[in-house]
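The structure comes before the discussion.

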Amino acid sequence: MYNSRLITSGLCGALMATLSACALPKQPLLTYLKEMRHQKAAPLQTGVKYEVRKALATNIPFRPSSIKRYTFVFNEPKPPLMMASNLHRNSQMRVRTTAYTHNESDHIVYGVKNAIGTNLKFGSIRSAAADWSRFPVGTQFRIAGQPGVTYVVDDYGSALVGTGTIDLYKPSRNQMDAWGVRHVDIEVIHWGSYEKSMELMRDRTKWRHVRAMMEGIEARLRTAGMPAGRTPFTAAL
């Protein structure tokens with residue numbers, strides 16, 4: 001008899017503890033539900049795997065094993081210019097190339113400096129000039145038949161805009177003349193950034209060829225279905 005009372009007491013205690021844990025908040029139920037409805041959920045975090053469970057229709061019996069589950073990872077949104085830079089699909093192509101050097105008449109004012117303010121390169125890494133709306137700054141490529149040499153687009157030129165031609169830097173006039181004009185096969189190993197291109201050009205819009213390159217980037221944004229506006233001369237899109 002004594003043991004049965006102890007068991008009954010224990011069951012009652014456990015039941016009270018359970019009811020206490022499930023108790024409603026100390027406020028009117030309607031008010032509590034309204035607050036819960038307007039409470040903001042924690043923002044999604046990038047790189048985290050989330051699970052979504054699809055609700056069943058009302059006329060289907062509840063069976064946990066029948067609930068469909070989907071998973072996704074939330075990635076950080078990319079600015080439109082960065083997304084447009086990723087639209088390039090062809091990594092191999094045939095292009096027209098010319099050559100230039102730092103002491104020819106239309107480059108002598110800049111000396112050995114390129115459009116990004118660093119020295120022109122010639123070695124295993126070599127400088128190249130291009131239309132930045134076609135080959136944005138930072139684009140890296142190799143030319144077939146030149147193993148161990150990587151070109152990087154770090155310069156531009158007024159005569160290149162709208163042509164698709166790539167100008168290869170040579171450290172002397174003899175090397176420039178020896179290259180002449182050649183159609184070569186290239187492999188793009190890294191596409192550059194339109195965002196960086198716009199950032200570098202935004203203070204140079206007095207030059208017609210710079211404006212033309214920026215308008216070319218705008219056109220790529222429109223092709224991608226992204227809003228471009230009429231004032232993209234700052235990189236803050």
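Buried means under 20% relative accessible area, exposed over 50%, and partly exposed in between, with a 1.4 Å probe and protein chains only. Phe141 is buried by that cut-off, because its relative accessible area is 1%.

This is a predicted model: local features need pLDDT of at least 70, side-chain atom pairs count only at pLDDT 80 or more, and totals for chains, interfaces and linings use all residues. Residues are numbered from 1 along each chain as its sequence is written, and side-chain values use heavy atoms, with hydrogens and water left out.

**Strand pairing**

Helices (H or I, at least four residues) and strands (E, at least two) are DSSP runs, numbered from the N terminus. Two strands pair if DSSP finds at least two bridges between them. Strand E3 (residues 92–100) runs antiparallel to strand E8 (residues 182–190), and six bridges join them. Arg94 has Asp185 as its bridge partner in E8. E3 also pairs with E7, in the parallel sense, over four bridges. There, Thr98 has Asp167 in E7 as its bridge partner.

**Ile166**

Ile166 belongs to strand E7 (residues 166–169). Ile166 is buried, at a relative accessible area of 0%. Arg96 is 70 residues away in sequence, yet the C-alpha to C-alpha distance to Ile166 is 6.5 Å. Contact means heavy atoms within 4.5 Å. Beyond its neighbours within four places in sequence, Ile166 is in contact with residues including Val95, Arg96, Phe135, Phe141 and Ile186.

**Aromatic pairs**

Rings of Phe, Tyr and Trp (its six-membered ring) pair if their centres lie within 6.5 Å; planes under 30 degrees apart count as stacked, over 60 as edge-to-face and the rest as tilted. The whole structure holds four aromatic pairs. Among them is Phe135 with Trp191: the centres are 6.0 Å apart and the planes at 15 degrees, so the pair is stacked. Phe135 sits in the loop between strand E4 (125–129) and strand E5 (140–143), and Trp191 in the loop between E8 and helix H5 (194–201), so the pair ties together parts 56 residues apart in sequence. Phe141 and Tyr151 are also stacked, 5.3 Å centre to centre with 10 degrees between the planes. Phe141 lies in strand E5 and Tyr151 in strand E6 (residues 150–155), so this pair ties together parts 10 residues apart in sequence.

| Residue | Relative accessibility | Class |
|---|---|---|
| Phe135 | 6% | buried |
| Trp191 | 19% | buried |
| Tyr151 | 0% | buried |
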